[in-house]
Amino acid sequence: MTLELFAHPFSSYCQKALIAFYENDTPFTLRMAEDPKVAEELAALWPMKRFPILRDGGRVVLEATIIIEYLQVHHPGSAKLIPDDPDLALEVRMLDRFFDNYVMTPQGKFVFDAIRPAEDRDPYGVEEARRMLETSYAWLGQRMAGRTWAVGDSFSLADCAAAPSLFYGDWTYPIPDALGHLKAYRARLLSRPSFARAVDEARPYRHYFPLGAPDRD
């Protein structure tokens with residue numbers, strides 16, 4: 001039975017899941033969340049109405065990280081995004097949570113604040129998010145010295161998380177030029193065919209970015 005991914009190409013978390021599909025050429029059907037009928041079906045499957053979600057026959061899988069884990073268990077390909085080595089696997093999962101919680105989440109704070117009515121905006125929260133991004137960038141800048149990918153020698157779940165978080169993070173609050181190792185890592189992620197495809201598929205929707213998509217990438 002065909003895998004169905006309820007998603008939107010411009011969503012960072014959807015891109016995270018899409019990278020995993022593309023890394024292994026895993027066949028699936030994209031259920032475009034922008035379609036009102038698909039949105040109704042999504043809401044019936046998951047009342048939170050958040051995407052991506054994966055439907056595999058009668059089974060519904062929530063959250064991008066778990067979708068990637070599910071694919072490796074039930075629809076494995078040649079690219080193992082979670083290593084067999086248990087210590088490396090733990091590090092991969094740790095970095096996956098780092099990118100989601102300390103890059104993607106503060107980046108999203110800027111975006112969601114921008115789409116609020118002016119009277120409901122949260123400048124204090126945005127300032128907290130800015131400081132978190134600065135701290136995260138600095139930590140990553142040191143970590144990526146001498147590394148190609150986030151963990152070990154292979155592209156992994158951690159890089160699936162890193163790609164959209166650093167892509168949109170740099171749009172929102174640019175990575176300082178002094179952090180050359182981190183900027184080089186972001187460039188490597190952008191040149192990875194799986195993420196390059198996800199970025200290209202999202203190009204028609206760049207006008208959705210409330211802060212104004214930069215004329216680059």
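The model is predicted, with local features requiring pLDDT of at least 70 and side-chain atom pairs counting only at pLDDT 80 or more, whereas totals for chains, interfaces and linings use all residues. Residues are numbered from 1 along each chain as its sequence is written, and side-chain values use heavy atoms, with hydrogens and water left out. Helices (H or I, at least four residues) and strands (E, at least two) are DSSP runs numbered from the N terminus.

**Packing of α1 with α8**

- Helix α1 (residues 12-23) and helix α8 (residues 193-202) have axes that come within 8 Å and cross at roughly 130°; axes are lines fitted to C-alpha atoms, for helices over the stretch in contact, and angles run from 0 to 180 degrees between N-to-C directions.
- That angle makes α1 oblique to α8, given that angles under 35 degrees count as roughly parallel, over 145 as roughly antiparallel, 65 to 115 as roughly perpendicular and the rest as oblique.
- The crossing of α1 and α8 is right-handed, a term for a near helix turned clockwise from the far one by less than a right angle, anticlockwise being left-handed.
- On α1, the contact (heavy atoms within 4.5 Å) is made by Gln15, Ile19, Tyr22 and Glu23, and on α8 by Ser194, Phe195, Arg197, Ala198, Glu201 and Ala202.
- These contact residues comprise five nonpolar, two polar and three charged; Ala, Val, Leu, Ile, Met, Phe, Trp, Tyr, Cys and Pro count as nonpolar, Asp, Glu, Lys and Arg as charged, and the others, Gly among them, as polar.

**Packing of α1 with α6**

- Helix α6 (residues 157-172) packs against α1 at an angle of about 140°, with the axes 9 Å apart, and the crossing is right-handed.
- Ser12, Gln15, Lys16, Ile19 and Ala20 of α1 meet Leu157, Cys160, Ala161, Ala163, Pro164 and Tyr168 of α6.
- The α1 and α6 contact has eight nonpolar, two polar and one charged residues.

**Packing of α7 with α8**

- The axes of helix α7 (residues 180-191) and α8 come within 5 Å and cross at roughly 80°, which makes α7 roughly perpendicular to α8.
- Leu189, Leu190 and Ser191 of α7 contact Pro193, Phe195, Ala196 and Val199 of α8.

**Largest pocket**

- The largest pocket has a volume of about 890 Å³; a pocket is an open set of points on a 1 Å grid over the protein atoms alone, where a 1.4 Å probe fits, with protein on both sides within 12 Å along at least five of seven lines, and a volume is the space filled by probe spheres set on the points.
- Of its 26 lining residues (an atom within 4 Å of a point), Ser11, Ser12, Tyr13, Phe51 and Phe112 are the closest to its centre.
- Helix α4 (86-114) and α1 each supply at least two lining residues, and the largest share, seven residues, comes from α4.
- The lining has 16 nonpolar, six polar and four charged residues.

**Loop between α2 and β3**

- Pro52 lies in the loop between α2 (36-45) and β3 (53-56), and the peptide bond from Phe51 to Pro52 is cis, with omega near 15°.
- Lys49, also placed in the loop between α2 and β3, has a positive phi of about 60° although it is not a glycine.
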